[in-house]
Amino acid sequence: MSSPADYHQSQASYSYEDLIKSSEGNLFGPGNAQLPAPPMLMLDRIVQIDQENGEYGKGKLVAELDVNPDLWFFQCHFPGDPVMPGCLGLDAMWQLVGFWLGWSGSPGKGRALGVGDVKFTGQVTNDIKKVRYEISIKRAIRGRLVMGIADGLVFADDEKIYQAKDLKVGLFKPEA
């Protein structure tokens, strides 16, 4: 298995094409962190990623999703009352924590491990233009256990609509 460090390009942002490479396993190397493929990929770009900023000074990610009425979930959740499921916003935050772990050099495949507290105070309807995710890394454990712990915010057209505390994502090495 290759190390993500072999593939790490120290990019500070990622295009949609880069995110698709990640979903195909071609960004951090075989056996390492990757994003889900569409339609479960819940972002269109990462506009900021680093290891110094954020609320805790340990890393920050900012990503965006362009919203249009043709997104798959609006057709089924709910017919006649289209709204993005809140769990998809939560999943996007987990996706970003796992991406950050791979980007910052940790090996293994990402899996959501839990969340401490989630509050929904708004929603994403089909008239929203852009969803923005902001993730502040609280802690990165890089021993036998590789885990990222972060807090996240979701904004719909610049209005805060979700917040999550203690998002947990682990990276696991595939069994040989």
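Predicted model: local features only at pLDDT ≥ 70, side-chain atom pairs only at ≥ 80, totals over all residues.
**Note on the core, pockets and rings**

1. The largest nonpolar core has 47 residues, and L43, I46, M84, F99, V124, Y133 and I135 touch the most other members. A nonpolar core here is a set of buried Ala, Val, Leu, Ile, Met, Phe, Trp, Tyr and Cys residues joined through side-chain atoms within 4.5 Å. Buried means under 20% relative accessible area, exposed over 50%, partly exposed in between (1.4 Å probe, protein chains only).

2. Residues are numbered from 1 along each chain as its sequence is written, and side-chain values use heavy atoms, with hydrogens and water left out.

3. Two or more residues of this core come from each of α2 (16-23), β1 (45-50), β2 (60-66), α3, β5 (130-142), β6 (146-156) and β7 (159-172). α3 gives the largest share, eleven residues. Helices (H or I, at least four residues) and strands (E, at least two) are DSSP runs, numbered from the N terminus.

4. The largest pocket holds about 250 Å³ of space. Its lining has 14 residues, with Q34, P36, Q95, G110 and R111 nearest the centre. A pocket is an open set of points on a 1 Å grid over the protein atoms alone, where a 1.4 Å probe fits, with protein on both sides within 12 Å along at least five of seven lines; lining residues have an atom within 4 Å of a point. Grid points are joined across faces, edges and corners, and a volume is the space filled by probe spheres set on the points.

5. Which element gives the most to the lining of the largest pocket? α3 does, with five residues. Both α3 (86-103) and β3 (109-114) supply at least two. The lining splits into seven nonpolar, four polar and three charged residues. Ala, Val, Leu, Ile, Met, Phe, Trp, Tyr, Cys and Pro count as nonpolar, Asp, Glu, Lys and Arg as charged, and the others, Gly among them, as polar.

6. The second largest pocket holds about 150 Å³. It is lined by 13 residues, and P39, L41, D44, L65 and L71 are the closest to its centre. Ten of the lining residues are nonpolar, one is polar and two are charged.

7. There are five aromatic pairs (rings of Phe, Tyr and Trp, its six-membered ring, with centres within 6.5 Å; planes under 30 degrees apart are stacked, over 60 edge-to-face, the rest tilted). F73 and F74 pair edge-to-face, 4.8 Å centre to centre with 65° between the planes. Both F73 and F74 are buried. Y14, F28 and F99 form one aromatic cluster.
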